[in-house]
Amino acid sequence: MAKPVSSQLLLFAEPLLRDGLTRLLAAQSGLYSVAERPDQLQGLPQLVIWQASSGDLQGGRLGEELLRLKERWQPAPVLLLLPAAHGLGGDALLQLPAAGIMESPEPQELLEALTTLLTGGRVLAAAADTAALKPTTSPALGLGQWLLISGLQQIDADITAIKRLLTPPPTNLVQLLVLQGRLRELSAARELLLLLWGPVSVAWGAPDPGTRSPEPVLAITLQQRSADGIWRAIRQRLEAGTSAELSNQSGQLLALQGLSPERRRDLLLALLNQVDILRQRLLADPAPQQPLQERWEQLQTELRLQALRNLVNPYVQLPYEGSLLPVADSLIRSSNLAGRDPELPEAQPMLAALVRAQPMLVDGRLLAADEPQAVLYLELLLSNWLVRSAELISAEVLASCASWPELRRYLLQPELLATRNLERLRNQLNAQLRWSSWVERPISLYESRRRLYCLSDGTIRCRELTEPRDAELRQLGWLQQLVTLALESRDALAPQVQGLLRGLGDLVVVLLTRVLGRAIGLVGRGIAQGMGRSVGRS
């Protein structure tokens, strides 16, 4: 029986750590041969391991040292091992030029990472340190900005206090209704304050230290650097994020919340499975005649219909007006899924990376599709499509349940069994959609912002991206263009109004100090002199 060929590893580490790593690798039945110095190598190494010390992390030299190692020992990949308190933020970790980055890994995790790297994959498993984010010096704020920020801080403090009182919810119904009403009032006041006194950039102050969420651990493993490897890694991460108890922290009311937890997960997984099927169809076409973007848009309705069909068991029948009807076919007949979401970004970069592993533009940098930043950006684009497509399907499901009471027990939350609760949720969703279409979308287009939904760790969050949207801005209707015209007028008149208010303030100060104050002083002096003469006569 032939002896397996061992992989030659080059190890750079401090003596104590180096000895421990050498013993660990030497105990793997001859799979690895470790060289502690370059002169011990026989040819080129298959992998370079660098255990960085605290001194290597200071002065910003880590990236330069990694570049030297990469250029010196190419094509061997570099595995960087970081200490627990490395002090690097998320952006700094993603920009390090290393095929593998791990923070204080366990022995089994390290061995699995070696296997992945030696077969051409990538590994990133490290927690970003929020202490590495240096505070930026903000310019002096004007009176309007100071009032805006102080008002937002007071509102946020009250919202945080009420949320503490609602966790757990009080048993007294009157107290619960009062707290919930106060919370809605504060949220509406915050939105009105932002709408009137923007810009939005000064509205987001430092978050409350008591409610700050910890920085998530960056964990990305690519078994292959091809399009298949990228897709498998992203799909695995999204499947892990679509937990049954999906929480909504996006700040928006979602129709997806009306479905039962099991149906939410089934719907998201069905959509994800449809993307996989579509990707296989695009790969099977040897000479595509249409661009990926056109084929993607043409197949959107089919994707949603198939996901809706997979949401329910095809054999389930429920009573409707005295007869049994198949649920899946009835839902498909009554649903209109041919609409287009205007807030979805262009899908061409995402499809080109997932199908052909083409580079993509991320934050102004052209990155290979297997770079960690590109993988996270692809995951963000795909999760945004998942949530928005699930929203469209969920809205149609809620509409079908409104006319089919027996269907509510099968698909919806128990709270929505009551007709009043279901209609109230639908009315709130419709009002939110109209407000977003008439007001929020024109403002976002004018400010070149795009809201994307991020699905991770069983939570739906929102992220704002800045990108030019001039073409969409020119396609707005006259009512929406009035909103952008109002914003432009406010920006144009704001300096003049501020100058006028500043002049009026100076005038008031002059009147109070020079005119009214001097007059009061003269009157007081006359009264004092008159009182003195009166006392002298007496």
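The side chains of Glu239 and Arg235 meet in a salt bridge, with 3.0 Å from N to O; a salt bridge here is a side-chain nitrogen of Lys or Arg within 4 Å of a carboxyl oxygen of Asp or Glu. Both residues belong to helix α7 (residues 227-241), where they stand 4 residues apart, about one turn of the helix. Helices (H or I, at least four residues) and strands (E, at least two) are DSSP runs, numbered from the N terminus. Glu239 counts as partly exposed at 31% relative accessibility, whereas Arg235, at 18%, counts as buried. Buried means under 20% relative accessible area, exposed over 50%, and partly exposed in between (1.4 Å probe, protein chains only).

The model is a predicted one, in which local features need pLDDT of at least 70 and side-chain atom pairs count only at pLDDT 80 or more, while totals for chains, interfaces and linings use all residues. Residues are numbered from 1 along each chain as its sequence is written, and side-chain values use heavy atoms, with hydrogens and water left out.

Side chains of opposite charge can pair when their charged atoms come close. By the rule above, the count comes to 26 salt bridges. One of them joins Arg18 and Glu36 (3.6 Å, N to O). Arg18 lies in helix α1 (residues 15-26) and Glu36 in the loop between β2 (32-35) and β3 (47-51), so this pair ties together parts that are 18 residues apart in sequence. Arg18 is partly exposed at 22% relative accessibility, and Glu36 is partly exposed at 26%. Another salt bridge links the side chains of Glu185 and Arg182 (3.6 Å, N to O). These two residues are 3 residues apart in helix α6 (residues 173-197), a separation of about one helical turn.

Where is empty space left? Rolling a probe the size of a water molecule over the atoms shows this. On a 1 Å grid over the protein atoms alone, a cavity is a set of points where a 1.4 Å probe fits but cannot get out, and a pocket is an open set with protein on both sides within 12 Å along at least five of seven lines; lining residues have an atom within 4 Å of a point. Grid points are joined across faces, edges and corners, and a volume is the space filled by probe spheres set on the points. There are 2 cavities of 30 Å³ or more.

The largest cavity holds about 50 Å³ of space. Its lining consists of Val275, Leu278, Arg279, Leu282, Trp296, Leu351, Leu354 and Val355. The elements that give two or more residues to this lining are α8 (261-284) and α12 (348-356), and α8 gives the most, with 4 residues.

The second largest pocket has a volume of about 950 Å³. Of the 34 residues that line this pocket, Leu344, Pro345, Glu346, Ala347 and Arg450 lie nearest its centre. Helix α13 gives the most to the lining, with 4 residues.

On the surface, Trp438, Trp478, Leu479, Leu482 and Leu485 form a nonpolar patch with about 570 Å² of accessible area together. Such a patch is made of residues with over 30% relative accessible area and no salt bridge, with nonpolar side chains (Val, Leu, Ile, Met, Phe, Trp, Tyr) joined within 5 Å. Helix α17 (residues 478-537) gives the most to the patch, with 4 residues. Leu482 has its place in helix α17 and is partly exposed, with a relative accessible area of 42%.

How values were computed:
Patch = residues over 30% accessible without salt bridge, like charges linked within 9 Å, V, L, I, M, F, W, Y side chains within 5 Å. Areas by Shrake-Rupley, 256 points an atom, 1.4 Å probe, with all protein chains shown as cover.
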